[in-house]
Each structure stands twice: as C-alpha cells, then as structure tokens.
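Here is a short note for a colleague who is new to this entry. Please read the points with the structure open.

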Amino acid sequence: MADLNKLSIKEALSGLLSKEFSAVELVQDHLDSMEKHRGLNTYVFPTPELALKLADESDRRIAKNLALPLDGIPVGVKDLYCTNGIRTTSCSNILKDFIPKYESTVTTNLFAAGAIMLGKTNMDEFAMGSSNLTSCFGHVVNPWKRSNSEDEVVPGGSSGGSAACVAANLGMASLGSDTGGSVRQPASFCGIVGIKPSYGRCSRFGMIAFASSLDQAAVFAKNVEDSALVLSSIMGHDPKDSTSSKAIIPDFSSCFKDGDLRGLRVGIPKEYLENLHDDISKMMKNSICNLKELGAEIIDISLPHTKYALPTYYIIAPAEASSNLARYDGVRYGLRVSEDGDSLDDLYEKTREIGFGQEVKRRILIGTFVLSSEHYEDTYLKAQRVRRLIANDFNNVFDKIDVILTPTTSSEAFGIKDVLTPVQMYMNDVFTIPASLAGLPCLSIPGALSRSGLPLGIQLIANNFDELTLLRVAHKLEKSINFTAKPKGY
Amino acid sequence: MNLLLVKQLGGVLMTSISMVHVKKVAKLSRIRMSDEQAQNFTKELDNLIGVLDKLHEINTDNVQPLVSVSDGQTPLREDVVTDGNKIKDVVLNSPDTKYDYFVVPKVVE
C-alpha cells in the first residue's frame, strides 16, 4: 500500500488495529522510502531485516488482540542510544565499530511498547553541534529547500538525522537527545514537533554521555499528540540512573480533549524579542493572537539573566564533556592508534587525535581549560553560580504564569555550504539553552514558513515536571496555527 | 610560568588564551596536536573565551553553584550484586585483549 509512511502514529495505530494494513506493510513502506531517499543520509545504520522480523511479531500480537501501545510503529533511533548487538557510534570515529552488549533504558522502554526501530540515525559527533555537519558519517540533508533554490540546507543538530527522517516520512517518530537544544532546534529547522521532557523524566542509562547535568532523552514526531504517545512510553524512574525521577508519570491523554485555554497565563519574555528577524517576529505576533483567541491571558515577563545563558552553557557543557569523554582511551573499547614502542600516553594521545573530530576536540579543550586549577573558580564555578540565577529567573515567573512562549531559533535553517564561526554556530541555541540549564520541559512546534519558504519553530517552556500543561497548550496552539506545509517530494 | 594573561579592561577581567595554553590543555586532555593545529585552535578559543568572559559582569557573591537540577540526595541502595559473570561482554569491544584482560603498552620497566 502506498503512502502509509505519511500517516500520523495515531492514524497508523487505528489502521493496524482495524487490520486495514499490517505492521509488515507499514514497515516495508518506510524501508522503501528510506532506500529511495538515501541521499538525505538520515540513517547511518539501517536495520531492515530486524525491523521486518519485529513487524511480523507485532502483526501476530495484533491478530491475537494483544497489541502493545505503539505496536508496529516504525521509528528512528539516534545513534547515541546503546542498542544491544547493534552498532552504536555517536557518529564518532572513536566508536566506529562499537557494538554494545546492553540496551539503553529508553530504547528498552520504547521497544517494550511495541515500536519498531528502522535503524540508527545520523547526528553531530557526540551530540556536539547545531548543524549535523560534524558527524563522521557525513552531513544530513534537510528535506526542506528554500523556494526557488536547489541549495541544500542543514537539518539542525545535533539530532539532525532523527529530525530529517521524520520530516521526510522515513520514520513515524524518532528518538533524539536534547542537551542545549539538540531536538528543539532541528525540529524547528525541519518543520516538525520536538519535545524535551523535564530533566530526570527519562533514564540516561545507555545514552552515550555528553553533558550529564543537561542531557535528556527527547522525541521528534509529526504532531504534538504523536510526540506525547512516544514520550509517555520512554519516561520513568530507573535504578540505573540516580538522576532519573520517581515522580508519577502523568497520563497525557487528557491534554488532547477539545476545549480552549481560558484561565491559562502565557508569559512572553521580553529578552527573547530583542532584534528578532521580521519573519520570526511576525510568527510570534500571530502565535500570541492565536493564544488570545483561545482565551489565554498574555503576560509580559522578564528573565533578566537570559543573555548569560549561552556563555554559562559553553562553560558547563564542555566541562562535563571533557570529563565524560576521558573514557575514550583506546583501551577498553573503540579505536586504538599506536605503534610498536609507544608508551601508554602515546597511545592515548594518538588515539584521541585521530578518533575525535574538530568540534569534539574544541569542546574537550575548552572543558579542560575551565576545569584546570587556575581557571576553575573564575569560569566553571562562576558558570554554576550563574546557572542558579538563570534557573531562579524561571522559578520567579512561574508563580504568575503557566507556560512561556518564545521563538525556537533566531533564524531559519542555514545552508550546508554557509561558513559559520564556532561562536556563530553556538548562537543557534541562544533561545533553547536557558530552559535546558533550568531542566524545564519544553518543545518546539512549527509556527510559520519564512519568506524563503523554510519552516520556523515556536518554543513553549513549562514549569518543572508540568509536561501536562506543555502538551495541552502545544496541542491547542498547533491546531490553531494549522501549519500544513510539507517538504516537496517526500 | 604564568600561562594566563589577565588584562584589566574597563573594570572587567578579560582572559586571553595563547598557543602555549592550548598546547598545555591539549596535553592535559591527552590529544596530540601539531603546532599548526594548536595555532588554529588558539584563535578560535581566544574568541570563545572572550564570549565566556561576559559572566564577569554579574555579581554572584552569595549565590550557591547549581550543580544539578535534580533535587534530593544521591539515592543509596544495598551493596548487593545485581549482575555479574560478564567478563566476555566487558572485554568484547576492546581493541586488544589477552586471557580476558585489556592489553596496554608496558607501563613499568
């Protein structure tokens, strides 16, 4: 059956349960599209045989009326989730042949809900990047193009493969991870939904670590309701991650009932409105209008430490990364580069020289610099203090509002050939980083098309562990915006 | 040797980074680096450190560092074995093993 891959998860589940089509057909349809659109480079390790075998098992369960909540739904999995027996590389040369002997908790949960992995998706090396240009397997191409141009644009990053695969209908949803915006920014660039739950909602066990105090599993989907279906299947406490929360997992189904937003208070932080691009400014105004029409009250707020979030993040995240990535030593797993007569230090230094890409080295160097005894107090400790001020900004406003509305990014997707300095590249995350530093649940939904025909995202941020409000507002706003544009040819 | 150059500029502490710095940090990070690579990183990191210096504008006296947003203490569990006998799994991905041990260049003469 053609075009099954264009369905939403909700529609596909209904079709599977009513036996309109089988999980094998649904998976095969996706595999065919993946083959057709290999040029996008979204999947670095497709697993078609396994997917078809699992689809057959799904069909058997469905036939016996034993269907699981996401039975038969084909998904992409970012290549930083360890998958038992399936190559997992974080798109780094240093892990190019790594085959985990265990499964991450998030993928364990996702597969236990019946979802079927189509393959591992491309990403910036070790999730460090905002363009998917730093992957050792080459860049991902965004299925969107500017109108009247054939030039390729980036899908954003770091979860670029996971975002592009959903935008191009090569997966009904996908797993990404969001440390400073690595799901929301690519969701914005690819015109889809990307949601990051509160820090601690999902276990980090088996996720290849970048910055542990910020890393959180996150989900891409075609719409808000689909994103909630996937998210609810991966959350929950895990004894293997001491930072995973024991909070009760909410039932998201209540978020999708009809109704308006009367009584809801939406905060618009003035710091996010400075020097906005016209297209983004217009999108914000329209979204505010939509929310007012839904009965929400709009309240101007201030998050005064916003401008310090970017420097804070670019101290804390590299510091944690330099510590986390010390494990790649060429001894226990991954690449080893050494010659006869080399000392152990030679082995470490050569392995890490060859194994890590430029951006990863840059961040390890920054991280080691800020953690070195001379600079620790002035940089790392200072950044942790400012991080508290940033988190306090949010705490202070959530007394008088329920959710915050901002743009997701300060620009549309840039060209693959555009040359950005590291600082310009880091500026991509200027609107997504503050909520990450505070650990808050947040998401991006498509808000508008730019004048050049590329999607722009709207970000919503809710109070800690209030995914219910986040999803309820996002669902209503999504309906009201009614963004129906799609990239051509998928 | 004082590696760090701290300049007083308009009352704000400015940190600047030199190639000697980069070489030292690369050594600490155990990443081999040619002079040419170190030179390239020096300019980039210097720009970046300039951005990070913005934090010195804010007074953070009496502000406690935020180490983690997850509240509460680190949970403890009984010290019991939850799995084991996975020696083969543990060494499986190693580039060089012998008798289920990791092999490294000779460290002690």
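**Notes on the predicted model**

1. Start with two helices of chain A. Helix α8 (residues 278–293) of chain A packs against helix α15 (residues 467–481) of chain A at about 110 degrees, and their axes are 10 Å apart. Angles from 65 to 115 degrees count as roughly perpendicular, so α8(A) is roughly perpendicular to α15(A). Keep in mind that this is a predicted model.

2. Next, the residues in that contact. From α8(A) come Ser287(A), Asn290(A) and Leu291(A). From α15(A) come Val473(A), Leu477(A), Ser480(A) and Ile481(A). By class, the contact has four nonpolar and three polar residues, with no charged ones.

3. Now the sheet. It is open, with eleven strands of chain A in mixed pairing. The order is β1-β3-β2-β4-β6-β5-β10-β11-β9-β7-β8. From one strand to the next, the twist averages 30 degrees.

4. Helix α5 (residues 160–167) of chain A packs on this sheet. It touches β1, β2, β3, β4 and β6 of chain A. Its direction makes about 155 degrees with that of β4(A).

5. Look at one strand pair. Strands β9 (residues 403–407) and β11 (residues 455–462) of chain A are antiparallel, over five bridges. Val403(A) has Ala462(A) in β11(A) as its bridge partner.

6. Last, the largest pocket. How much space lies in it? About 1100 Å³. Its lining has 34 residues; Tyr102(A), Phe205(A), Gly206(A), Lys240(A) and Asp83(B) are the closest to its centre. By class, the lining has 16 nonpolar, five polar and 13 charged residues.

Key
Residues numbered from 1 in each chain as written. Chains lettered and ligands numbered in written order. Predicted model: local features only at pLDDT ≥ 70, side-chain atom pairs only at ≥ 80, totals over all residues. Heavy atoms only, no water. Pairing = 2+ DSSP bridges. Helix = DSSP H or I, 4+ residues; strand = E, 2+ residues; numbered from the N terminus. Axes fitted to C-alpha atoms, helices over the stretch in contact; angles between N-to-C directions. Contact = heavy atoms within 4.5 Å. 1 Å grid on protein atoms, 1.4 Å probe; cavity = no way out; pocket = protein on both sides within 12 Å on 5 of 7 lines; lining within 4 Å. Points joined across faces, edges and corners; volume = space filled by probe spheres on them. Nonpolar A, V, L, I, M, F, W, Y, C, P; charged D, E, K, R; others polar. Parallel < 35°, antiparallel > 145°, perpendicular 65-115°, else oblique.
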